[in-house]
Amino acid sequence: MTSLASALPISATSNAAPVLPLWTSLRTLYLARRPMLIGPDGEAYPETTVGDVRSIVARLSAALEHPRFDHAQLADVRRAWRAVVARVHQASRGRGWYHVFPDNLALWWRDTRRLAEALAAVDHRRGAIRAVDGLPSLTVAYADARVLWGDLRHWFLLRRAVRRDPASLLTYPVTTVAEVAHVTSLLAGMIGDPARADALRARVAEVARGRADDETYPDTAAFWCADSRRAIDALPEVAS
């Protein structure tokens with residue numbers, strides 16, 4: 001695993017992988033409360049109790065369920081975290097909350113840190129999208145159209161009015177003709193099937209025909225909740 005910057009200032013690393021600030025705050029908090037141990041990589045971690053760990057896991061579980069991580073392609077991360085939660089419950093069985101948790105090393109330098117890295121990577125990637133003339137401009141490469149779709153949707157949800165589609169129950173941003181055309185162009189460049197890419201372009205052109213660029217796209221719900229999702233061929237998976 002890539003070495004991360006320590007919560008302690010003595011071991012800051014300039015090229016460290018991003019880590020969720022919540023994880024860093026929790027580590028700092030418990031290092032101040034509990035004995036400090038040193039892991040195989042030389043980094044410090046706290047000797048937390050069963051009660052501490054149950055609280056830590058609950059906080060990180062809540063972070064994972066934050067709406068900003070919806071549609072972030074974290075299905076594998078969620079499955080792995082459910083396994084961690086199950087292991088924590090199993091390891092805590094028969095122990096009081098004041099007992100030392102039996103595997104602090106694995107908890108801090110494998111389980112919780114992997115989750116913190118995965119969530120921070122989403123925030124870091126989405127934070128790298130820049131606004132140019134009011135439209136999202138990508139500054140990092142994407143390998144998956146589903147990930148790009150989720151990040152673009154998230155970008156607009158933060159900046160535009162939000163509605164909920166009654167059919168899919170998916171929230172979507174109210175975007176203009178120019179914004180929808182821009183998203184379509186970005187997605188079409190990544191869609192592996194040219195026929196689906198052309199179909200999406202044709203559908204958007206048809207719906208927007210005769211509309212000014214700054215007008216609201218006539219069917220934003222259909223674009224975000226059906227048309228664009230169908231084009232990336234990820235309807236069953238994109239909600240992870």
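I looked up helix α3 (residues 75-92) and helix α4 (residues 104-127) in this predicted model. Their axes, which are lines fitted to C-alpha atoms over the stretch in contact, come within 11 Å and cross at roughly 150 degrees. Angles run from 0 to 180 degrees between N-to-C directions, and over 145 counts as roughly antiparallel, so α3 is roughly antiparallel to α4.

I then listed the contact (heavy atoms within 4.5 Å). From α3, Val77, Trp81, Val84, Arg87 and Val88 meet Leu107, Arg110, Asp111, Thr112, Leu115 and Ala118 of α4. By class I have seven nonpolar, one polar and three charged residues.

Next I took helix α2 (residues 50-64).

Last, I checked helix α7 (residues 194-208) against helix α8 (residues 220-231): the axes come within 8 Å and cross at roughly 150 degrees. These two are therefore roughly antiparallel to each other. Arg196, Leu200, Arg203 and Val204 of α7 make the contact with Phe223, Asp227, Ser228, Arg230 and Ala231 of α8.

For my records, residues are numbered from 1 along each chain as its sequence is written, and side-chain values use heavy atoms, with hydrogens and water left out. Local features need pLDDT of at least 70, side-chain atom pairs count only at pLDDT 80 or more, and totals for chains, interfaces and linings use all residues.

Methods:
Helices (H or I, at least four residues) and strands (E, at least two) are DSSP runs, numbered from the N terminus. Angles under 35 degrees count as roughly parallel, over 145 as roughly antiparallel, 65 to 115 as roughly perpendicular and the rest as oblique. Ala, Val, Leu, Ile, Met, Phe, Trp, Tyr, Cys and Pro count as nonpolar, Asp, Glu, Lys and Arg as charged, and the others, Gly among them, as polar. The expected span of a helix is 1.5 Å times one less than its number of residues.
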